[in-house]
Amino acid sequence: MTGLLPRYLSKRFLGLFLFSLMGVILLFVIVDLVENVDQFIDGRVPAAVTALYYLYFIPYIVVLTMPMGTLLATVFSVGVLAKNNEITAMKALGYSFYQIMRTLLFLGAAVAVFNFFLNEAAAIPANRKKDEIRDRYLAGNRHKLTSKFRNLLIQDPPDRIVSIESFNPETNTASGVGIETFSGNRLIHRIDAPTMTWHGKQWAI
């Protein structure tokens with residue numbers, strides 16, 4: 001009985017959790033599509049690219065809404081058990097309410113760990129690819145391809161740090177450049193330059 005009831009609770013929780021998650025994902029995709037459909041049409045974005053855009057969007061949605069899905073699944077799981085008098089039956093069999101909550105807390109912790117690794121392994125790379133599609137195809141975001149990047153801080157291994165106030169990708173020119181070289185924690189050399197230009201193979205100050 002000790003192993004049967006946790007499996008039953010886990011099955012009930014996971015069913016509600018997946019249902020909640022799929023509903024939220026569908027809602028996010030529909031709302032975003034309605035907001036951006038005119039840009040997809042104006043940019044003549046192929047259907048395959050649009051589908052790929054939303055495929056890359058899904059991991060971010062999952063990471064964003066998984067805590068909400070966990071809460072809903074927990075509340076509805078306990079609610080359904082109480083409605084069907086299953087909690088009373090479990091208590092009659094010697095299975096306390098604290099044991100029920102312990103199972104749900106364990107499932108919540110497992111979801112949190114999974115959410116962390118999903119964010120690091122899938123959501124962040126997928127979100128970058130989604131932004132690349134948006135910048136390339138959506139009419140309202142094409143200006144981003146030629147905009148300046150500002151306040152860049154780059155570590156050049158093993159001992160150099162480069163700071164750049166702004167970088168113009170059209171001219172391959174960086175402005176407000178500072179290059180610091182360290183030995184351990186001690187600064188041993190510094191270069192300050194108003195501009196720095198990329199000539200295809202090397203930087204020129």
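Student: Okay, which residue in strand 4 does Ser175 stand opposite?
Tutor: Ser175 faces Thr195 there. Keep in mind that this is a predicted model.
Student: And what's the bridge partner of Thr173 in strand 4?
Tutor: Thr173 has Thr197 as its bridge partner in strand 4.
Student: How many bridges do strand 3 and strand 4 pair over?
Tutor: Ten bridges, with strand 3 covering residues 173–183 and strand 4 covering residues 186–198. The two pair in the antiparallel sense.
Student: What about the hairpin of those two, how many residues sit between the strands?
Tutor: Two residues sit between strand 3 and strand 4, and in that hairpin Gly184 takes a positive phi near 70 degrees.
Student: Switching to strand 5: which residue there is the bridge partner of Trp198?
Tutor: That's Trp203. Strand 5 spans residues 203–204 and pairs with strand 4 over two bridges, in the antiparallel sense.
Student: Which residue takes a positive phi in the hairpin of strand 4 and strand 5?
Tutor: Gly200 does, near 100 degrees, and that hairpin has four residues between the strands.

Note on methods
Residues are numbered from 1 along each chain as its sequence is written. This is a predicted model: local features need pLDDT of at least 70, side-chain atom pairs count only at pLDDT 80 or more; totals for chains, interfaces and linings use all residues. Side-chain values use heavy atoms; hydrogens and water are left out. Two strands pair if DSSP finds at least two bridges between them.
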